[in-house]
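Subject: Structure for your review

Dear colleague,

Please find below the structure that I am handing over to you. My findings follow it, arranged by topic.

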Amino acid sequence: MINITIDGKKVQVPAGSTILQAAQTVGIHIPTLCHLDLHDIKMVNQTASCRICVVEVEGRRNLAPACATPVAEGMVVHSNTLKVMEARRTVLELMLSDHPKDCLTCAKSGECELQDLAELFNIRNIRVSGTSMSTYKKDISPSIIRDMDKCIMCRRCETMCNQVQTVGALSAVNRGFDAVVATSFEAPLNETVCTYCGQCVQVCPVGALTEHDSTWEVVEALNDPDKIVVVQTAPAVRAALGEEFGLEPGSLVTGQMAAALRRLGFDYVFDTDFAADLTIMEEATELVDRLTRHLNGEDVPLPLLTSCCPAWVNFIESQYPELLDIPSSARSPQQMFGAIAKSYFAEKLGVRRDQMVVVSVMPCLAKKYEATKFEDDNNQDVDYSISTRELANLIKRMNMDLKELPEEDFDDPLGESSGAAVIFGKTGGVIEAALRTAYEWVTGETLENVEFEDIRSTSYGLKVAHIKVGDLTLNIGISSGLGNARALLEEIKAGNPNNLHAIEIMACPGGCVNGGGQPYAHGDMKKIQARQAALYREDCGKPIRKSHENPSIKKLYEEYLVKPNSEKAHHLLHTQYTA
Ligand code: HC0
Ligand code: SF4
């Protein structure tokens, strides 16, 4: 261990630690902009480029960046001298000299780490002048908006995209004031391998990367007397929306959220969880069918890969076109919901599909792109997908405080769901939900304990579990984060040595609770764990915890779809993948 002193406090840390890490162990806050250490998901952005974290080290002439300076025995550090404060202030002024001054209208206003520091250092004018502002064209994709004039070259997005997600859509180019993180050949994002996972948006400290907001379009639809506006809410939203209203991470606000949506003017407040149960009916049927044929000696594609995460689907389509026969053909719950709302439910109401507007509230930015892919008669199944952050903003805009609202229920019939559906929002949840159903279908027995502890995990890596289903042992893979997905796909290409039968993949580390559209976690992975625990609590409290026992789902098959994988179900609920 190494002993040092920071601001008069004695600190003992392992050799190899940085001054920043040492300071954190004794609660001394040294500000950073570029630095981000998410060691839980193996992301360390240590570019030491912003120089906000400089400190004085006795015996050294120059200030040292705390994030990149290793501790040494007997080192004496000062983090709050006048020299340090002046240096930080000058760095901030230099950054602001090449930064647009449109904070009033910036999508990140109030959440911007650069704005927070400018406020903290009381910067009221910028003494640095004579520099020319860079001017980049805004890149507007269905999911993400890149405004590179705001890029401060922290390179967190690049590290996230390359190191954690292994997509490689972003890298730093140019020098000096023109330095920026760009796509190859500066192509628009929608012409690159970007999956729209939105993890770069989650870690961007400024307004360079933000979601493509659709809240005004939703408000216009709500105000159109000729439209029936239906909303669905994803599992993970209820576990994070409260954070935007000052509630503790992990607070469940399912009932208040339904009340808020009703007061916003939605005609029907439904739940994506209903469609998650529907997904299990289709996906578990496919799993049982493939397993049965495999056991009968047929050559069937295994392992079955879950297909409900759109960023993951984008990833396999662009990076592993040779494996496109193995994902389940089931569409995601968001899309199953849209298709059923605009057919079954529209028919019940006696309206045409183009008289109905379907809005989804998702923790995810890739869902915005996914919504553009599915349509009938030139009319999208899901018209608008907004993020948890956008919903919070809408609720605040309408002068409501979520905390003050009563708890209300979803509407029928697309609002009823099981506990299996709500855990979709956490890594491992989809496969656990599928197992609850597949177990009973394969064995014909009642599954007494529905909680598959062996496949649950709070870590963000790969997990392989072996589950007994009657005489069968199912080998299950679970992965969140696209880097982990890549590792599993490479294993499959190498001949599937672990003989995996089914794999769940979610693009965001930890699952949808950590989606690109969730309240900014600012690197606090404890928040993600609290949101995960909240979904398990909601599952525990549900009277029905298996998808195939959901009465509204049973009725949907009786009245409309006939049975899982029927011709009608196939037309409305399944898809084909394209490279
Ligand atoms: Fe998810 Fe979903 S669980 S992808 O993470 O399957 O976004 O929450 O809505 O569609 O249900 C996100 C979350 C969903 C879908 C569901 C799935
Ligand atoms: Fe990379 Fe995901 Fe950002 Fe696209 S959305 S650039 S894949 S991190």
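Predicted model: local features only at pLDDT ≥ 70, side-chain atom pairs only at ≥ 80, totals over all residues.

Two residues are taken to be in contact if their C-beta atoms, placed from the backbone, lie within 7 Å.

Helix 17

Helix 17 spans residues 551-561, and its buried residues include Ile-553, Leu-556 and Leu-561. These residues lie on the same side of helix 17 because they cover an arc of only 50 degrees around the axis. An α-helix has 3.6 residues a turn, so residues three or four places apart point the same way. On the face turned away from the buried side, helix 17 carries the exposed residues Pro-551, Glu-558 and Glu-559. Just after helix 17, Val-562 adopts a positive phi of about 75 degrees.

Ligand 1

Which residues come closest to ligand 1? They are Ala-234, Ala-236, Cys-308, Cys-364 and Cys-512, within a shell of 22 residues. Helix 8 (272-295) and helix 10 (333-349) are the elements that give two or more residues to this shell. The largest share, 3 residues, comes from helix 8. Sorted by class, the shell around ligand 1 holds 14 nonpolar, 7 polar and 1 charged residues.

Ligand 2

Around ligand 2 there are 14 residues, of which Cys-161, Ala-169, Cys-194, Cys-197 and Cys-200 come nearest. Helix 4 (156-164) and helix 5 (199-203) each supply at least two residues of this shell. Its classes are 10 nonpolar, 4 polar and no charged residues.

Domains and annotation

The domain assignment divides the chain into domain 1 (2-120) and domain 2 (213-579). Their C-alpha centres lie 40 Å apart. In the contact between them, domain 1 takes part with 6 residues and domain 2 with 7 residues. On the side of domain 1 that touches domain 2, the residues comprise 4 nonpolar, no polar and 2 charged.

An unreviewed UniProt entry lists residues 83-122 as "domain: 4Fe-4S His(Cys)3-ligated-type". Over residues 83-122 the chain is 57% helix and 0% strand, and the end C-alpha atoms are 16 Å apart.

With kind regards

Key: Residues numbered from 1 in each chain as written. Chains lettered and ligands numbered in written order. UniProt positions renumbered as here; feature names shortened; annotations may be inferred. Helix = DSSP H or I, 4+ residues; strand = E, 2+ residues; numbered from the N terminus. Near = placed C-beta within 6 Å. Nonpolar A, V, L, I, M, F, W, Y, C, P; charged D, E, K, R; others polar. Buried ≥ 20, exposed ≤ 12 C-beta atoms within 10 Å, placed from the backbone. Arc of directions from axis to C-beta. Domains from an automatic or database assignment.
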